[in-house]
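Trainee: I'm new to this structure, and I'd like a close look at a single part of it. Could you walk me through the main sheet and what packs around it?

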Amino acid sequence: MKSAVATVACLLLAANFAQAARAAPRIAPHQETVALFSAHGVRDRPNVHDKLIDTVSPTRPITGERTVLPVLAQTTDNHGRSWLRVRLPGRTLRGQPPPPAGWIRASNTVISTTAWHLVVDLIARRVDVYFKGRLLRSYPAIVGKSSTPTPTGEYFIEEDVQLPSWSAGAPFALATSDRSNVLQQFDGGPGQIALHGLDNVGGQLGTAESHGCIRLADSTITWLAARINPGVPLTIT
């Protein structure tokens with residue numbers, strides 16, 4: 001009997017450790033970002049002769065804010081030209097999902113860093129806010145239902161949008177580079193996944209009932225909108 005109890009205790013302890021490991025991802029204290037001041041062609045490799053796979057605008061479509069992308073790597077080619085490997089926004093010009101990242105020239109850009117990182121845990125149905133690599137706050141959320149799930153992966157915040165009081169999801173939305181795998185278009189938009197408020201949409205926090213977006217309490221999204229800028233990395237697990 002003691003052996004069986006000890007075995008159960010060990011299994012529970014192992015499960016707790018596994019859950020803790022899943023709930024606390026390793027987040028870098030800073031993420032390098034780049035602001036674009038002109039349209040940039042995207043290539044698979046840091047080579048001007050490589051085929052263009054996309055073009056990124058210097059501004060975002062909803063607010064006109066400066067396009068800011070997370071930087072994943074840097075290099076210099078044989079002619080001394082600097083290149084940046086960046087995470088890409090949205091869908092490509094042909095309406096298809098872009099590759100996870102691509103290379104752009106570093107000309108007409110400004111590099112900076114952010115200490116913020118958002119993590120959406122779909123199983124726990126919560127949003128964790130990291131600052132300088134440490135968990136700062138954790139908020140309950142509504143995530144996508146089974147028919148319109150929230151896609152997982154590594155993304156970033158594209159735009160910080162203040163919504164009118166009558167708009168679905170007011171008072172704010174953090175529009176992300178994530179796109180629905182089910183909805184090519186939604187409510188006139190490109191099926192873009194956003195973190196937004198509960199105004200005019202409602203729902204019970206801690207459930208899975210959205211069309212893919214992450215809904216948060218109005219006080220939560222207001223707090224985030226005051227701190228989270230374009231280019232902040234977003235991990236959805």
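**The open sheet and its surroundings**

Mentor: Let's start with the sheet itself: 8 strands form an open sheet, in the order E10-E9-E8-E17-E12-E13-E14-E16, and the pairing is mixed. Strand E10 (134-140) and strand E16 (214-215) stand at the edges with a single partner strand each, so one side of each has no neighbour in the sheet. Two strands count as paired if DSSP finds at least two bridges between them. Helices (H or I, at least four residues) and strands (E, at least two) are DSSP runs, numbered from the N terminus.

Before going on, keep in mind that this is a predicted model, where local features need pLDDT of at least 70 and side-chain atom pairs count only at pLDDT 80 or more, while totals for chains, interfaces and linings use all residues. Residues are numbered from 1 along each chain as its sequence is written, and side-chain values use heavy atoms, with hydrogens and water left out.

Now zoom in on one pair of strands. Strand E8 (residues 116-121) and strand E9 (residues 126-131) run antiparallel to each other, paired over 6 bridges. Across that pairing, His 117 stands opposite Tyr 130 in E9. There's also a salt bridge to look at here, meaning a side-chain nitrogen of Lys or Arg within 4 Å of a carboxyl oxygen of Asp or Glu. Asp 121 makes one with Arg 126, and their closest N and O atoms are 3.9 Å apart. Asp 121 is buried, because its relative accessible area is 2%; buried means under 20%, exposed over 50%, and partly exposed in between (1.4 Å probe, protein chains only).

Move along to strands E12 and E13 and you'll find another such pair. Arg 179 forms a salt bridge with Glu 158, with the closest N and O atoms 3.2 Å apart. Arg 179 belongs to strand E13 and Glu 158 to strand E12, so the pair ties together parts that are 21 residues apart in sequence. Both Arg 179 and Glu 158 are buried. Arg 60 comes into it too: salt bridges with shared partners join Arg 60, Glu 158 and Arg 179 into one network. As a general point, side chains of opposite charge can pair when their charged atoms come close. The count comes to 6 salt bridges by this rule.

Next, the helix. H2 (residues 218-225) lies across E8, E9, E10, strand E12 (153-162), strand E13 (172-179) and strand E14 (192-196), and it runs at about 75° to E13. For that angle, axes are lines fitted to C-alpha atoms, for helices over the stretch in contact, and angles run from 0 to 180 degrees between N-to-C directions.

So what sits in the core? The largest nonpolar core has 25 residues, and those with the most contacts inside it are Leu 118, Leu 195, Leu 216 and Leu 224. E8, E9, E12, E13, E14, H2 and strand E17 (233-236) are the elements that give two or more residues to this core. H2 gives the most, with 4 residues. A nonpolar core here is a set of buried Ala, Val, Leu, Ile, Met, Phe, Trp, Tyr and Cys residues joined through side-chain atoms within 4.5 Å.

Contact means heavy atoms within 4.5 Å. There's also a second, separate core of 12 residues, which includes Leu 36, Val 56, Val 71 and Val 86.

One more stop, where a loop meets the sheet. Thr 63 is in the loop between strand E3 (52-56) and strand E4 (68-76), and it counts as partly exposed, at 35% relative accessibility. Thr 63 and Val 161 are 98 residues apart in sequence, but their C-alpha atoms are 6.8 Å apart in space. Leaving aside neighbours within four places in sequence, Thr 63 is in contact with Glu 159, Asp 160 and Val 161.

To put this part in its setting, the chain has 2 helices and 17 strands. Of its 237 residues, 45% count as buried. Among contacts in the chain with a separation of 6 or more, 59% come from residues 24 or more positions apart.
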